Amino acid sequence: MDLSCDIIVLTSVNGVNIFGEYLRENKIDIRRLSGIKFAVIGRGTYEALAEYGIYADIMPEKYTTRELSKALSEFKGKKLILRAEKASSDLYEYIHNYEEVKIYDTYCEEVREAETDYIVFGSRSAVDFYCKKYVPKGRVIAIGEVTAKRLEAFGLKPYTADESSAEGILKKIKELEYGET
């Protein structure tokens, strides 16, 4: 992986952890990253990156790939985007001068039908893994707009977290269950 760039973009906790392991395995001194900005998609990704002693410079207020794309559009430097094989294309809507490196792929060894009041989907690929085999029972929660659109493609009407995060999902469940806002 060529780290000669101006901004490193990470869109998931998985991506952060794989990047962190890459630095360790290749004995890359963190000082080598001096002068490189970091962009993350949201709070969870920010916190995961901070565990490696790196604090993101760019994080959109709304945790979506489209909003991250808008935030990155202000920066003209070379962007190194580290992400999943099956990632949303929304990130490329507003940006130029980037190199994408697909550092992991999502897969599912086993899917079991859920018998629960709520079923939560945290990614578009999770929707595909589950909904190609089962029809969700109970209330369906999507972490964000992209995941919700994928659920709708399966004919479902999901509730969408107002903030694309674990906290946003919990807040949505409390709102539905107890009327809390």
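Buried means under 20% relative accessible area, exposed means over 50%, and partly exposed lies in between (1.4 Å probe, protein chains only). The model is predicted: local features need pLDDT of at least 70, side-chain atom pairs need pLDDT 80 or more, and totals for chains, interfaces and linings use all residues. Residues are numbered from 1 along each chain as its sequence is written, and side-chain values use heavy atoms, without hydrogens or water.

**Exercise 1. Helix α3**

Task: Find the buried residues of helix α3 (residues 65-72), say how they sit around its axis, and name strands that cover them.

Solution: 
- Step 1. Mark the helix. Helices are DSSP runs of H or I with at least four residues; strands are runs of E with at least two; both are numbered from the N terminus.
- Step 2. Pick out the buried residues. In α3 they are Thr65, Leu68, Ser69, Ala71 and Leu72.
- Step 3. Look down the axis of α3. The buried residues fall within an arc of 160 degrees, so they line one face of the helix. The arc is taken from the directions that run from the helix axis to the C-beta atoms.
- Step 4. Look for the cover. It includes β1 (7-10), β2 (37-40) and β3 (79-84).

**Exercise 2. Two sides of α5**

Task: Sort residues of α5 into buried and exposed, then list what the buried ones pack against.

Solution: 
- Step 1. Thr147, Ala148 and Leu151 are the buried residues of α5. Their arc around the axis is only 100 degrees, which puts them on the same side of α5.
- Step 2. Turn to the other side of α5. Lys149 and Ala153 are exposed there.
- Step 3. Now list the partners. The buried residues of α5 pack against β5 (118-121), α4, β6 (139-142) and β7 (159-160). Contact here means heavy atoms within 4.5 Å.
- Step 4. Check what follows the helix. Gly155 comes after α5, with a positive phi near 80 degrees.

**Exercise 3. Aromatic pairs**

Task: How many aromatic pairs does the structure hold? Classify the pair Tyr46 and Tyr55 and the pair Tyr92 and Tyr98.

Solution: 
- Step 1. Learn the rule. Rings of Phe, Tyr and Trp (its six-membered ring) pair if their centres lie within 6.5 Å; planes under 30 degrees apart are stacked, over 60 edge-to-face, and the rest tilted.
- Step 2. Count. The structure holds five aromatic pairs.
- Step 3. Take Tyr46 and Tyr55. Their ring centres are 6.5 Å apart and their planes are at 55 degrees, so this pair is tilted. Tyr46 is partly exposed, at 27% relative accessibility. Tyr55 is exposed, because its relative accessible area is 52%.
- Step 4. Take Tyr92 and Tyr98. Their ring centres are 4.8 Å apart and their planes are at 25 degrees, so this pair is stacked. Tyr98 has 36% relative accessibility, so Tyr98 counts as partly exposed.
- Step 5. Look for a cluster. Phe121, Tyr130 and Tyr134 form one.

**Exercise 4. Two residues and their contacts**

Solution: 
- Step 1. Thr11 is buried, because its relative accessibility is 15%.
- Step 2. Arg124 has a relative accessible area of 29%, so Arg124 is partly exposed.
- Step 3. Compare Arg124 with Asp2. They are 122 residues apart along the chain, and their C-alpha atoms are separated by 28 Å.
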